[in-house]
Amino acid sequence: MDMANNVGIGIQDFLKLREQNHFYIDKTSFIKEWWESGDDVTLITRPRRFGKTLNMSMVEEFFSVNYAGRGDLFKGLSIWEGEKYQKLQGTYPVISLSFAKIKENNYQMTRKKICRQLTELYAKNAFLLESDLLYETEREYFKSVNVDMDDADATIALNRLSDYLTRYYGKKPIILLDEYDTPMQEAYIHGFWEEMVAFTRSLF
């Protein structure tokens with residue numbers, strides 16, 4: 001069977017889908033439409049299994065400096081037809097988080113899992129500690145990010161990291177957040193809605 005005709009059920013990683021040559025309906029025009037809209041914040045609401053996570057993966061792998069030089073993932077797709085977007089690929093810092101697996105039945109464990117994700121995010125960007133752009137107090141904060149940090153440190157983590165990356169790359173990072181509503185749904189069902197709303201509002 002020609003792999004190009006193989007429909008990869010459940011694949012949510014754009015890189016995997018393209019590298020394994022699975023059947024793909026070209027949605028890369030979304031990148032251009034979104035980029036040219038100039039919006040600071042975009043909320044995408046669609047039915048389940050509509051391809052939101054795959055599209056976010058596509059956006060991350062198009063813009064992220066971690067995928068610089070990976071134009072091969074987009075060759076033959078609509079976004080690659082214009083030279084402007086070829087030059088844009090792989091040129092922005094991207095912060096990507098998914099709360100899809102945070103399905104706890106109490107606030108303490110939910111908060112801890114979110115803090116663990118923030119800690120892992122900082123670990124991925126540990127190269128910032130080797131640069132000269134951080135002040136000593138910022139270095140101390142960076143190293144203090146951990147799963148047991150208090151609310152004051154946890155809720156400014158994304159803001160701080162965004163600032164560090166902006167200064168390092170000279171560009172504001174693109175922040176992608178997937179399944180932010182999953183822990184909110186669990187909070188509503190299990191009775192810790194108010195605590196979860198307060199923490200989430202401060203974090204974002």
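Colleague: Which residues of strand β2 make up the covered face, and which the uncovered one?

Modeller: In a regular strand the side chains alternate between the two faces of the sheet. Here, in β2 (residues 174–178), I174, L176 and D178 lie on the covered face, while I175 and L177 lie on the uncovered one. Strands are DSSP runs of E with at least two residues, and helices are runs of H or I with at least four, numbered from the N terminus. This is a predicted model, where local features need pLDDT of at least 70, side-chain atom pairs count only at pLDDT 80 or more, and totals for chains, interfaces and linings use all residues. Residues are numbered from 1 along each chain as its sequence is written, and side-chain values use heavy atoms, leaving out hydrogens and water.

Colleague: In which sense do β1 and β2 pair?

Modeller: Two strands pair if DSSP finds at least two bridges between them. Strand β1 (residues 94–98) runs parallel to β2, with five bridges, and S98 stands opposite D178.

Colleague: Is N125 buried or exposed?

Modeller: Buried means under 20% relative accessible area, exposed over 50%, and partly exposed in between (1.4 Å probe, protein chains only). N125 has 13% relative accessibility, so it counts as buried. N125 sits in the loop between α5 and α6 (136–144). Leaving aside residues up to four places away in sequence, N125 touches F142, L161 and L165; contact means heavy atoms within 4.5 Å.

Colleague: And where is L43?

Modeller: L43 belongs to the loop between α2 (29–37) and α3 (52–63). Its relative accessibility is 59%, so L43 counts as exposed.
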